[in-house]
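Hi everyone, thanks for coming. Let me walk you through a structure that may be new to you, with an eye on its aromatic rings and its core.

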Amino acid sequence: MLEQMRKHMAWMMWVVVGLVTVTFLFFGIYPSTGSGRNAATVNGDVITMDQWNRVYRNMYDNYRDILKDQFKESFAKTLKAQALRELIQNRLLVNEAERIGLRVTDEELRDSIMKIPAFSPSGKFDQRIYERYLDNVNITPAVFEESQREFLLRQKLERLVEDGISVTDTELAAAYAAKNPKARPGDFEKNKDSFRKSFLMEKQREALGALVNNLQSKAKIKINEKALALE
């Protein structure tokens, strides 16, 4: 099934690359259905049907906002696959971050929550709005804060990987020539800075993808096919 997920997503990612992020796991939260069923396990850690449906609905709304009239209801099946894939990937990255000793302090967690616009409508964090918001979607502060801690932990790991990637001038010139075979003399120097940024981002994404693939190849992932078939 994971291979099918990758195939489904290949054709769509160009539309929203850079816009759909892991924050969908934690923001724009929907109420829990309380189903209690498991969608999958990753090295023994459970991904519930509630988590899966919440992420899917977050993604659905955000893709619809981005694509507007181009959004097709036929995307729903693809988004459901992506939502589960994202949850599995998130669990792998969080576990790896913990394994190598990365941590999120209570101060870092508090600061990140206080910066979320939904909890600061007047520009200042409002504890009552925070608690009421979570109560409305049937999520306790403890559960939300743990999710936010995991989000920050994953960010730290991703930054660690990205900071380890560099691009030499020789590599950059070769890549530009390969991607722009009809380039004229002087084009490389003119576009060097902007191309370096985009090429570096490409290498960073590849490095993160390679890390996820490596973690996935060693992980014990079990998907509850029967439960998913009922959705």
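Let's start at Phe71, which is buried, with a relative accessible area of 10%. Please keep in mind that this is a predicted model. The mean pLDDT of the chain is 84, and 83% of its residues reach 70 or more.

A search of the whole structure turns up 12 aromatic pairs. One of them joins Phe71 to Tyr60, edge-to-face, at 5.1 Å centre to centre and 80 degrees between the planes. Tyr60 sits in helix α3 and Phe71 in the loop between α3 and α4, 11 residues apart. Tyr60 counts as buried too, at 14% relative accessibility.

Now look at Tyr176 and Phe195: their planes stand at 90 degrees with the centres 5.1 Å apart, so this pair is edge-to-face. Tyr176 belongs to helix α8 and Phe195 to helix α9, so the pair ties together parts 19 residues apart in sequence. Tyr176 is buried at 8% relative accessible area, and Phe195 is buried at 10%.

There is also a cluster, in which ring pairs link Phe119, Phe125, Tyr130, Tyr133 and Phe144.

Phe144 brings us to the core. The largest nonpolar core has 49 residues, and Phe144, Trp52 and Leu84 have the most contacts inside it. Which helix gives the largest share of this core? That is α4, with 11 residues. Apart from this core lies another, of 7 residues, including Val167 and Phe199.

One last stop: the charged end of Lys80 sits over the ring of Tyr56, 5.2 Å from its centre.

Methods: Residues are numbered from 1 along each chain as its sequence is written. This is a predicted model: local features need pLDDT of at least 70, side-chain atom pairs count only at pLDDT 80 or more; totals for chains, interfaces and linings use all residues. Side-chain values use heavy atoms; hydrogens and water are left out. pLDDT is the predictor's confidence in each residue, from 0 to 100. A nonpolar core is a set of buried Ala, Val, Leu, Ile, Met, Phe, Trp, Tyr and Cys residues joined through side-chain atoms within 4.5 Å. Buried means under 20% relative accessible area, exposed over 50%, partly exposed in between (1.4 Å probe, protein chains only). Helices (H or I, at least four residues) and strands (E, at least two) are DSSP runs, numbered from the N terminus. Rings of Phe, Tyr and Trp (its six-membered ring) pair if their centres lie within 6.5 Å; planes under 30 degrees apart count as stacked, over 60 as edge-to-face and the rest as tilted. A charge sits over a ring if NZ of Lys or CZ of Arg is within 6 Å of the ring centre and within 35 degrees of the ring normal.
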